[in-house]
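This report describes a protein chain for a reader who is new to structural analysis. Please keep the sequence and the three-dimensional view at hand while reading.

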Amino acid sequence: NGVYEFDVNNRSWRPYVGGGGGLPRAELSSDFAVGGVPVSGGSTDTRFAYQAIGGIGYYLTKHIVLDASYRYFSTLRFKLGEVDASYTAHNAVVGARFRF
């Protein structure tokens, strides 16, 4: 991931945007069933995933930042035996950062 923080001529509040990519691995258990019907499982697949980030930080001090952000995460479609699936997540995150 990479993040760019905007300098908006305000010492305390700073918005930021970011994004990233990676290679998650999915695994389908060999005892997977849909509606009680067994699906051939026991397979794994790796696909590309990407993430978009946007948020704002509030600087309590030069090194401590309170943070609120939104993150969108999604994968390309996994192929796991007879099953095709993808994963998407929307996350609201509140936290603190220590800068050094």
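The sections below cover the basis of the report, a sheet, a core, selected residues and salt bridges.

## Basis of the report

The model is predicted: local features need pLDDT of at least 70 and side-chain atom pairs count only at pLDDT 80 or more, while totals for chains, interfaces and linings use all residues. Residues are numbered from 1 along each chain as its sequence is written, and side-chain values use heavy atoms, with hydrogens and water left out.

## The five-stranded sheet

Five strands form an open sheet in the order β1-β2-β7-β8-β11, and their pairing is antiparallel. At the edges stand β1 (2-5) and β11 (88-98); each has a single partner strand, so one side of each lacks a neighbour in the sheet. On average, neighbouring strands of this sheet are turned by 20 degrees against each other, direction ignored. The angle is taken between axes, which are lines fitted to C-alpha atoms (for helices over the stretch in contact), and angles run from 0 to 180 degrees between N-to-C directions. Strands here are DSSP runs of E with at least two residues, and helices are runs of H or I with at least four, numbered from the N terminus. Two strands pair if DSSP finds at least two bridges between them.

Four bridges join β1 to β2 (residues 13-22) in the antiparallel sense. Within this pairing, valine 3 has glycine 18 of β2 as its bridge partner, and glycine 2 has glycine 19 of β2. Strand β2 also runs antiparallel to β7 (residues 49-59), with 10 bridges between them. Here glycine 20 stands opposite glutamine 51 in β7. As a general point, the side chains of a regular strand alternate between the two faces of the sheet.

## The largest nonpolar core

Which residues make up the largest nonpolar core? The five members are Ala26, Leu28, Phe78, Leu80 and Val83. Such a core is a set of buried Ala, Val, Leu, Ile, Met, Phe, Trp, Tyr and Cys residues joined through side-chain atoms within 4.5 Å. Strands β3 (25-28) and β9 (78-80) are the elements that give two or more residues to this core.

Contact means heavy atoms within 4.5 Å.

Serine 74 is found in strand β8 (residues 64-75). Is serine 74 buried or exposed? Serine 74 counts as buried because its relative accessibility is 5%; buried means under 20% relative accessible area, exposed over 50%, and partly exposed in between (1.4 Å probe, protein chains only). The side chain of serine 74 makes a polar contact of 3.1 Å with that of threonine 88. A polar contact is a pair of N or O atoms within 3.5 Å; within protein, one must be able to donate a hydrogen and the other to accept it, and residues adjacent in sequence count only if both atoms are side-chain atoms. Beyond neighbours within four places in sequence, serine 74 touches Ala49, Tyr50, Tyr87 and Thr88.

Lysine 79 belongs to strand β9. Its relative accessibility of 46% makes lysine 79 partly exposed. With neighbours within four places in sequence left aside, lysine 79 is in contact with Asp45, Arg47 and Asp84. Lysine 79 and arginine 14 are 65 residues apart in sequence and 41 Å apart in space, C-alpha to C-alpha.

## Salt bridges

Side chains of opposite charge can pair when their charged atoms come close. A salt bridge is a side-chain nitrogen of Lys or Arg within 4 Å of a carboxyl oxygen of Asp or Glu, and by this rule the count is six. One of them joins arginine 97 to glutamate 5 at 3.8 Å, N to O. Arginine 97 lies in strand β11 and glutamate 5 in strand β1, so this pair ties together parts that are 92 residues apart in sequence. Arginine 97 is partly exposed at 29%, whereas glutamate 5 is buried at 19%.

Glutamate 5 also forms a salt bridge with arginine 99 (3.6 Å, N to O). Because arginine 99 lies in the segment after β11 and glutamate 5 in β1, the pair ties together parts 94 residues apart in sequence. Arginine 97 forms a further salt bridge with aspartate 67, the closest N and O atoms being 3.2 Å apart. This pair links arginine 97 in strand β11 with aspartate 67 in strand β8, 30 residues apart. Aspartate 67 is buried, with a relative accessible area of 12%. A network of salt bridges links Glu5, Asp7, Arg14, Asp67, Arg97 and Arg99.
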